[in-house]
Amino acid sequence: MSYKEISARKKAERDAKFNPEWLVPEDKLPGPEIKDVHLWPVSSGYLSASEIEITSTNPLVILSNIASKKWTAVEVYRAFAHRATIAHQLTNCLTEVFFDEGLKTAQELDEYYATTGKLKGPFHGLPVSLKDNQPVKGIATSMGYTSLADSIPTSDGLIVSTIRDMGAVFYVKTNLPTAMMMLESQNFLWGTTMNPFNRDLTCGGSSGGEGCLVAMRGSAMGLGGDLGGSLRCPGGFQNLYTIKTTSGRWPIWGGRSILSGCESVPSVNGPIATCVELLELYGREIAKLDLEYKDPKMLGIKWDEQAEVKEKLCFAVCYDDGVVHPTPPVQRGIKTVVEKLKAAGHEVIEWDPTGLHEPMQKLVREFYSSGGTTKIVDLANETGEPIENPFMKIVCETPEISTKELWVKQTERILLHEKFLKQWLETSKKTSTGGKVDGIVSPLAPLPAAAHGTMAYIGYTSVWNGLDWPTATVPVTRADKDLDVVETAYTPRANEFDEQVYKGYDPELYHGGPVAIQITGPKMRDEKVLKMVKVISKAVGTDNYWFE
């Protein structure tokens with residue numbers, strides 16, 4: 001079968017699994033001229049007052065309400081499954097739908113609680129969605145390839161079985177890019193997922209469907225992964241919280257990846273959520289389980305509840321990485337964070353990316369294709385899928401390198417890492433306290449999301465993957481066509497990425513696109529990074545943003 005035939009069959013199979021009573025009639029959905037649909041499920045009249053209340057509630061409060069028996073797991077599941085259905089109709093965010101299994105799990109959890117008086121675990125009854133590459137027993141895991149459309153795992157991946165045992169309710173999987181090698185969730189099997197804040201923009205990738213569904217409250221927590229920005233871009237592009245941890249903090253065993261065996265840039269898994277406290281709960285609970293005996297890459301380090309965060313912190317800010325100049329809304333977002341931090345009494349100095357960020361980004365791109373891209377291309381060729389996305393083309397056109405060359409580049413990366421550490425230490429010469437900075441604030445991307453099919457530059461996120469430093473997102477604001485006008489005096493640098501971003505920026509097109517920043521700390525300071533997220537979001541005023 002051709003890729004078009006396989007796609008049509010799979011979409012029909014998925015669509016047949018939706019509850020007809022939850023579907024909005026096609027003629028009642030907002031037309032393409034309506035760009036911002038993230039709150040449309042609330043205003044549409046198709047959700048009940050109870051469903052709106054449940055799905056709009058802080059996930060930690062949802063867990064508390066299930067524990068207090070205010071809500072049952074079945075009530076919570078139904079509310080989120082209904083809202084996920086509408087979210088999909090608006091954005092095309094779902095791949096596999098298994099509502100019957102979700103309902104069965106929720107019923108079993110309610111029966112268990114009623115019979116034993118005990119909760120199954122810390123996530124008892126919480127609806128959790130999964131990036132498509134996370135294996136679930138009996139549910140296809142295609143990774144966006146039509147040639148893998150019917151690839152069905154015989155067992156759960158480790159993170160899936162772990163969270164399931166903690167009481168999570170799984171019911172959907174979400175869209176991602178072909179081979180998970182783009183920051184745009186687009187493939188020839190399921191199509192393109194749109195950003196609910198502006199449907200002309202990407203939701204990000206590769207965990208883009210997760211970010212979209214969580215932003216639309218069709219899921220209380222999403223589980224995705226990050227190899228070059230794949231958690232942070234979907235999180236930041238939809239004003240959500242997430243973290244790329246130091247590798248080995250959270251399990252990845254059993255997850256599917258086209259780049260399995262690429263040890264030069266470590267991949268991590270993690271949650272995307274509407275509040276940072278849920279990320280902390282996830283970290284604490286995972287650390288209690290001794291999963292280093294099940295996942296060879298786990299470090300077995302316990303969660304540090306006492307991670308020090310001083311009352312007054314010092315941040316280094318990277319306004320521009322020296323490769324691609326941020327567009328006006330992103331510049332405004334960074335400046336807003338700096339102003340608010342200073343107003344709150346924190347110190348801010350500048351971080352100089354010269355000679356650090358550009359070579360690290362280049363090395364990371366080379367590592368992605370160091371083992372060759374034949375597997376990526378061969379899987380596409382099996383059904384005739386073209387390779388059209390600009391970043392996929394870059395990866396597939398980068399030549400394979402020898403083992404000797406790989407070792408040379410890995411040595412270059414280590415020496416470059418040393419330079420980063422040296423500059424970090426030398427920030428003590430610039431701070432008023434004489435101490436090192438606590439974290440680095442930087443743009444998430446040069447754009448507030450990107451127009452569909454144009455996301456080719458991943459340097460702002462991938463540099464931290466190359467270092468294996470923990471990095472988290474903080475929602476800040478949204479693009480405004482009246483405030484974020486084109487910089488007519490700017491001349492693009494002599495590289496294709498900067499010119500593409502500059503010429504492609506249109507205030508009207510990007511209006512409403514979410515703007516977030518990253519906060520980064522040294523390796524193994526994951527807990528402190530999340531605490532700094534809370535400090536920054538409080539200063540900016542987005543700490544209670546979603547629950548007002």
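Biologist: How are the helices named here, and where does His88 lie?

Modeller: Helices are DSSP runs of at least four residues, numbered from the N terminus. This is a predicted model, so read each feature as part of a prediction. His88 lies in helix α5, which covers residues 73–91.

Biologist: Is His88 buried or exposed?

Modeller: Buried means under 20% relative accessible area. His88 has 8% relative accessibility, so His88 counts as buried.

Biologist: What does His88 touch, leaving out residues up to four places away in sequence?

Modeller: The list is Arg14, Asp15, Phe18, Cys93 and Leu94.

Biologist: Now the rings. How many aromatic pairs does a search of the whole structure find?

Modeller: The search finds 19. One of them joins Trp22 and Phe99. Their centres are 5.8 Å apart, with 65 degrees between the planes. Planes over 60 degrees apart count as edge-to-face, and this pair is edge-to-face.

Biologist: Which parts of the chain does the pair of Trp22 and Phe99 tie together?

Modeller: Trp22 lies in the loop between α1 (3–15) and α2 (40–43). Phe99 lies in helix α6 (residues 99–116). The pair therefore ties together parts that are 77 residues apart in sequence. Trp22 is buried, at 11% relative accessible area. Phe99 is buried too, at 6%.

Biologist: Why is the pair of Trp351 and Trp424 called edge-to-face?

Modeller: Look at the angle again. The planes stand at 65 degrees and the centres are 6.4 Å apart, so the pair is edge-to-face. This pair links distant parts of the chain, 73 residues apart. Trp351 sits in the loop between β12 (347–350) and α12 (357–368), and Trp424 sits in helix α15 (residues 403–426). Both Trp351 and Trp424 are buried.

Biologist: Which ring does Lys69 lie over?

Modeller: Lys69 lies over the face of Tyr113, at 5.0 Å from the ring centre.

Biologist: Which residues of helix α7 are buried, and what do they pack against?

Modeller: Helix α7 covers residues 158–165, and its buried residues are Leu158, Ile159, Val160, Thr162 and Ile163. They pack against strands β2 (127–131), β3 (169–174), β8 (221–226) and β10 (268–273), and against helix α10 (276–287). Just after α7, Gly167 takes a positive phi of about 105 degrees.

How values were computed:
Residues numbered from 1 in each chain as written. Predicted model: local features only at pLDDT ≥ 70, side-chain atom pairs only at ≥ 80, totals over all residues. Heavy atoms only, no water. Helix = DSSP H or I, 4+ residues; strand = E, 2+ residues; numbered from the N terminus. Buried < 20%, exposed > 50% of the residue type's maximum accessible area, 1.4 Å probe, protein only. Contact = heavy atoms within 4.5 Å. Phe/Tyr/Trp six-rings, centres within 6.5 Å; stacked < 30°, edge-to-face > 60°. Lys NZ or Arg CZ within 6 Å of the ring centre and 35° of its normal.
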